[in-house]
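Here are my comments on the structure for you to read beside the sequence. Please take the points in order.

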Amino acid sequence: MNGVVPTTVIVAGLVLAGYAGVTTARNRRMEVDLLVALGVLEVLVLVLVGLIVAKLAGGARPAGLGTLIGYLIAMPVVPVAAGFWGLLERSRWGPAVIVVAGLVAAVLVVRLHQIWPVIHV
Amino acid sequence: MSEPTAPSEPAASPEPVASPGPVAPEPVAPEPDSARSGPGRVLVAIYALFALAASARAGVQIATKYGDAPVAYLLSAFAGLVYILATVTLGVGSPLARRIAVLSCSVELVGVLAVGTWSVADPATFPDATVWSGYGSGYGFVPLVLPVFGLLWLRRLSKRA
């Protein structure tokens with residue numbers, strides 16, 4: 001696998017975190033734009049998870065299989081949880097939670113690469 | 001994260017998403033204070049994340065290779081439980097929950113300092129890392145900073161209450 005998809009997820013997470021940070025700083029609540037951005041991040045994460053599952057289905061195995069599966073389950077949950085959080089917390093602190101989600105998405109991809117270096121970042 | 005300076009001009013709200021009842025004017029004024037809304041939300045989110053990370057990690061490690069580093073794995077599991085307790089009590093925000101939250105944040109701070117020191121002084125006991133070893137260095141030192149913010153936030157809440 002080349003590194004385009006993981007790199008894109010990292011960049012998308014960081015951009016989302018930056019944009020959500022500006023939203024928080026401007027004292028705005030989450031609007032449709034942030035929700036759409038979270039949706040884009042979710043799609044990218046799902047593509048990455050799909051690529052890894054395909055690799056597992058092809059017979060390749062990482063050393064820490066249990067941990068890897070945990071990451072595959074946790075990663076797609078992050079943007080969705082942040083989206084609901086933004087809908088429920090109708091203040092600047094909704095986007096602040098989305099900042100965390102964007103950073104976490106990026107960090108998770110980096111750690112995923114540490115678990116299974118076959119997926120190049 | 002940037003420190004906002006609370007702008008006072010009202011914001012246009014072109015498409016309010018899911019606003020039940022009468023639409024609140026934007027921007028939202030300084031929130032009334034529990035950890036359930038406002039900046040406390042961010043704390044709860046990060047705590048939830050660490051609760052999940054620490055307990056899932058401990059679960060996998062204890063299930064698959066308990067013998068390798070039992071002390072480290074049991075400490076990971078303990079850390080996970082403390083994070084779960086802190087997440088729930090910060091989220092609930094009642095006076096009793098807040099008191100339990102203060103306790104769990106304190107345990108956490110003592111834990112990260114003690115285990116951090118222990119892991120530096122006696123690396124042989126920690127062939128594998130825990131959330132708290134190296135003062136949380138494997139997690140960007142967030143485990144060290146988090147209880148401090150938690151306690152500061154709880155203190156601010158109890159002053160206002």
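**Notes on the helix packing and the core**

1. Among contacts in chain B between residues at least 6 apart in sequence, 57% join residues at least 24 apart, where two residues are in contact if their C-beta atoms, placed from the backbone, lie within 7 Å. This is a predicted model, in which local features need pLDDT of at least 70 and side-chain atom pairs count only at pLDDT 80 or more, while totals for chains, interfaces and linings use all residues. Residues are numbered from 1 along each chain as its sequence is written, and chains are lettered from A and ligands numbered from 1 in the order in which they are written.

2. Chain B has 4 helices and 0 strands, these being DSSP runs numbered from the N terminus (helices are H or I with at least four residues, strands are E with at least two). Of its 161 residues, 35% count as buried, a residue being buried if 20 or more other C-beta atoms lie within 10 Å of its own.

3. In chain A, helix H1 (residues 4-25) packs against H4(A) at an angle of about 160°, with the axes 7 Å apart; axes are lines fitted to C-alpha atoms, for helices over the stretch in contact, and angles run from 0 to 180 degrees between N-to-C directions. That angle makes H1(A) roughly antiparallel to H4(A), the term for angles over 145 degrees. The contact includes A:Gly13 and A:Ala17 of H1(A) and A:Ile98 and A:Ala105 of H4(A), and by class it has 15 nonpolar, 6 polar and no charged residues. Here Ala, Val, Leu, Ile, Met, Phe, Trp, Tyr, Cys and Pro count as nonpolar, Asp, Glu, Lys and Arg as charged, and the others, Gly among them, as polar.

4. The axes of helix H2 (residues 32-57) of chain A and helix H4 (residues 93-115) of chain A come within 12 Å and cross at roughly 20°. That makes H2(A) roughly parallel to H4(A), as angles under 35 degrees are called. A:Leu34, A:Leu38, A:Leu41 and A:Val45 of H2(A) meet A:Pro95, A:Ile98 and A:Ala105 of H4(A), a contact with 7 nonpolar, no polar and no charged residues.

5. Which residues touch the most other members of the largest nonpolar core? Of its 66 residues, they are A:Val97, A:Ile98, A:Ala105 and B:Tyr47, a nonpolar core being a set of buried Ala, Val, Leu, Ile, Met, Phe, Trp, Tyr and Cys residues joined through C-beta atoms within 7 Å.

Definitions and conventions
Parallel < 35°, antiparallel > 145°, perpendicular 65-115°, else oblique. Buried ≥ 20, exposed ≤ 12 C-beta atoms within 10 Å, placed from the backbone.
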